[in-house]
Amino acid sequence: MSDTGTKTDGRVERGNQTRRLVLGRTMDIASVEGLDGLSLGRIATELQLSKSGVFALFGSKEELQLSTIRAAAAVFAENVVLPLKDVPPGARRVRELCRNWLTYSSNRVFAGGCFFYAVSAEFDARTGPVHDAVAQARRDWNSYVETSLTEAQAVGDFAADLDADQLAFEVVALMEAANAQSVLLGDTRTYDRAERGITARLRASATDRGRAALDAE
């Protein structure tokens, strides 16, 4: 490789490292203060970077916000979804998915609890690309829970008349209630309450096979 190529590769890697550093900070800020708390100047100052360098990476506050949402989605998937890659469809997979979400929130993977719960409240009544990105992330998550339930129904773990959309709504609502009360009140018992509620709701819709899977450790 030529010296020019080596230098170019070095600049690219430094740029990638800076990008990861910036997004690590912006995700935590946004989970506590919201996406409006982000600015190129603030991040440059806090991380002791040049504002021009941060601008070169992101270009605008809106792009910084959108990049933060994408980065948060990847962190979310890594903590909640990817650990289940070897777990076959069924009630146990649904149970573990919910547990992973509760652990993700309770362990404060993001400083302010669930990143997407926090920024959804901030952007729910707005319009524009940032709102659309937040809304799509929420739709994707709700759809994933519903699909997991439908797949579990297909293998015989839930009743044939299961309303997967309704059950997904209820399960997600319990998880988010635990997150909200824990963040606001500092009460970690909400996660145990949510897990008990979710388990009860899943058992009520499960077949005998599904209940056995839910009870298994």
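The contact involves Cys-98, Trp-101, Leu-102 and Ser-105 of α5, together with Val-171, Met-175, Glu-176, Ala-178 and Asn-179 of α8; contact means heavy atoms within 4.5 Å. This is a predicted model, in which local features need pLDDT of at least 70 and side-chain atom pairs count only at pLDDT 80 or more, while totals for chains, interfaces and linings use all residues. Residues are numbered from 1 along each chain as its sequence is written, and side-chain values use heavy atoms, without hydrogens and water.

**Helix packing**

- The axes of α5 (residues 91–106) and α8 (residues 164–185) come within 10 Å and cross at roughly 20°; axes are lines fitted to C-alpha atoms, for helices over the stretch in contact, with angles from 0 to 180 degrees between N-to-C directions.
- That angle makes α5 roughly parallel to α8, a class that covers angles under 35 degrees.
- Six nonpolar, two polar and one charged residue form the contact of α5 with α8; Ala, Val, Leu, Ile, Met, Phe, Trp, Tyr, Cys and Pro count as nonpolar, Asp, Glu, Lys and Arg as charged, and the others, Gly among them, as polar.

**Cysteines**

- The count of disulfides is zero, a disulfide being a pair of cysteine sulfur atoms within 2.5 Å.
- The sulfur of Cys-98 lies 13 Å from its closest cysteine sulfur, that of Cys-114, which is too far for a bond.
- Cys-98 is buried at a relative accessible area of 3%, and Cys-114 is buried at 3% relative accessibility; buried means under 20%, exposed over 50% and partly exposed in between, with a 1.4 Å probe and protein chains only.

**Leu-174**

- Leu-174 belongs to helix α8 and is partly exposed, with a relative accessible area of 31%.
- Leaving aside residues up to four places away in sequence, Leu-174 touches Ala-194, Gly-197 and Ile-198.
- The C-alpha atoms of Leu-174 and Cys-98 are 9.9 Å apart, although 76 residues separate the two along the chain.

**Whole chain**

- The protein chain has 10 helices and zero strands; helices (H or I, at least four residues) and strands (E, at least two) are DSSP runs numbered from the N terminus.
- The C-alpha trace spans about 65 × 45 × 30 Å along its principal axes.
- Of the 217 residues, 41% count as buried.
- Among contacts between residues at least 6 apart in sequence, 65% join residues at least 24 apart.

How values were computed: Parallel < 35°, antiparallel > 145°, perpendicular 65-115°, else oblique.
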